[in-house]
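Let's walk through this structure together, starting with charged pairs and then moving on to pockets and a loop.

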Amino acid sequence: MTKRARGARLFRPCWKSLIAAAGIFAAVLPLRAGESTGPPPPGSYTLDHIQRVPAGIVLEGTRFPRALSRYTTGAITLLAFFYSYCADPNGCPLAWAAFENVREGIIARPELYGRVRLVFMSLDPAHDTPGMLRGFARRYESSASIVPWHFLTTYSNLFLKPVLRDMGEESSIDREASAGVVINHLLKVFLIDNHGFVREIYSNQSLDPAMILGDIKTLLLEESKSSGHKE
């Protein structure tokens with residue numbers, strides 16, 4: 001069994017309006033599980049323990065505080081940082097499209113039901129309030145028992161910045177951009193195991209839904225072996 005090489009790449013800054021662009025890119029970012037040149041078989045490689053997800057206080061739906069660990073342990077987690085008015089095709093909409101494809105892939109695989117969660121965490125807590133993000137979450141409520149998709153924010157940057165720092169996610173605000181306020185950041189999508197360890201980090205050039213699904217299955221096989229159960 002081999003370890004797969006990792007690598008994260010830069011992407012151009014994000015800006016304005018997200019969901020419509022995500023829908024466009026979901027249509028052109030198909031799963032490639034059936035291709036002969038697709039990813040290696042799940043379980044034929046291992047993923048490193050890169051780092052533990054830090055402690056943090058987040059908000060979901062209300063102003064009631066919750067531990068970040070509630071969303072990063074107990075299931076395989078795919079987590080990305082975003083902001084709701086981002087529309088750079090190489091940024092947040094690309095991550096959103098990949099999450100949509102992964103979600104569809106999970107829905108098509110009953111053996112994955114209830115074992116994977118999706119998490120988006122806002123980079124702009126002043127704008128992306130719990131009430132505003134509830135509108136995004138409602139779009140996915142019908143499949144929440146199969147694959148929940150959580151939209152998190154924080155009370156303020158005071159709570160957000162330590163999480164970003166410890167996750168290795170840098171961001172800065174560009175208020176002079178022609179499209180309005182832009183939050184510059186690296187596109188990173190984190191794959192987190194049941195125990196809260198980051199096991200893979202995807203960039204905009206490695207955000208392959210088929211590979212992500214393979215990595216999810218690899219982690220589930222690993223967990224199954226360690227607990228003595230068969231998948």
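A residue is called buried when its relative accessible area is under 20%, exposed when it is over 50%, and partly exposed in between. Keep in mind as you look that this is a predicted model.

Glu222 makes a salt bridge with Arg199, and the closest N and O atoms of the two are 2.8 Å apart. Because Glu222 sits in helix H5 (residues 209-227) and Arg199 in strand E12 (residues 197-202), the pair ties together parts that are 23 residues apart in sequence. Arg199 itself is buried, with a relative accessibility of 1%.

Another of them joins the side chains of Asp166 and Arg165, at 3.1 Å from N to O. Here Asp166 is partly exposed at 38% relative accessible area, while Arg165 counts as exposed at 59%. Glu60 and Arg66 form a salt bridge too, their closest N and O atoms lying 3.1 Å apart. Glu60 has a relative accessible area of 17%, so it is buried.

Glu60 leads us on to the pockets. Along with Ala137, Arg138, Glu141 and Trp149, Glu60 is among the residues nearest the centre of the second largest pocket, which has 14 lining residues. Helix H3 (130-138) and strand E8 (149-152) are the elements that give two or more residues to this lining, and H3 provides the largest share, 5 residues. The space in this pocket is about 210 Å³, and its lining consists of 8 nonpolar, 2 polar and 4 charged residues.

Now turn to the largest pocket, with a volume of about 240 Å³. Of its 15 lining residues, Leu123, Asn157, Ser171, Ile173 and Ile183 lie nearest the centre. Two or more lining residues come from each of H4 and E9, with H4 giving the largest share, 4 residues. By type, the lining holds 9 nonpolar, 3 polar and 3 charged residues.

Finally, look between those two elements. Gly168 lies in the loop that runs from helix H4 (157-167) to strand E9 (171-174). Gly168 is partly exposed, with a relative accessible area of 33%. Its C-alpha atom is 9.5 Å from that of Leu186, a residue 18 positions away along the chain.

Notes. Residues numbered from 1 in each chain as written. Predicted model: local features only at pLDDT ≥ 70, side-chain atom pairs only at ≥ 80, totals over all residues. Heavy atoms only, no water. Buried < 20%, exposed > 50% of the residue type's maximum accessible area, 1.4 Å probe, protein only. 1 Å grid on protein atoms, 1.4 Å probe; cavity = no way out; pocket = protein on both sides within 12 Å on 5 of 7 lines; lining within 4 Å. Points joined across faces, edges and corners; volume = space filled by probe spheres on them. Nonpolar A, V, L, I, M, F, W, Y, C, P; charged D, E, K, R; others polar. Salt bridge = Lys/Arg side-chain N within 4 Å of Asp/Glu carboxyl O.
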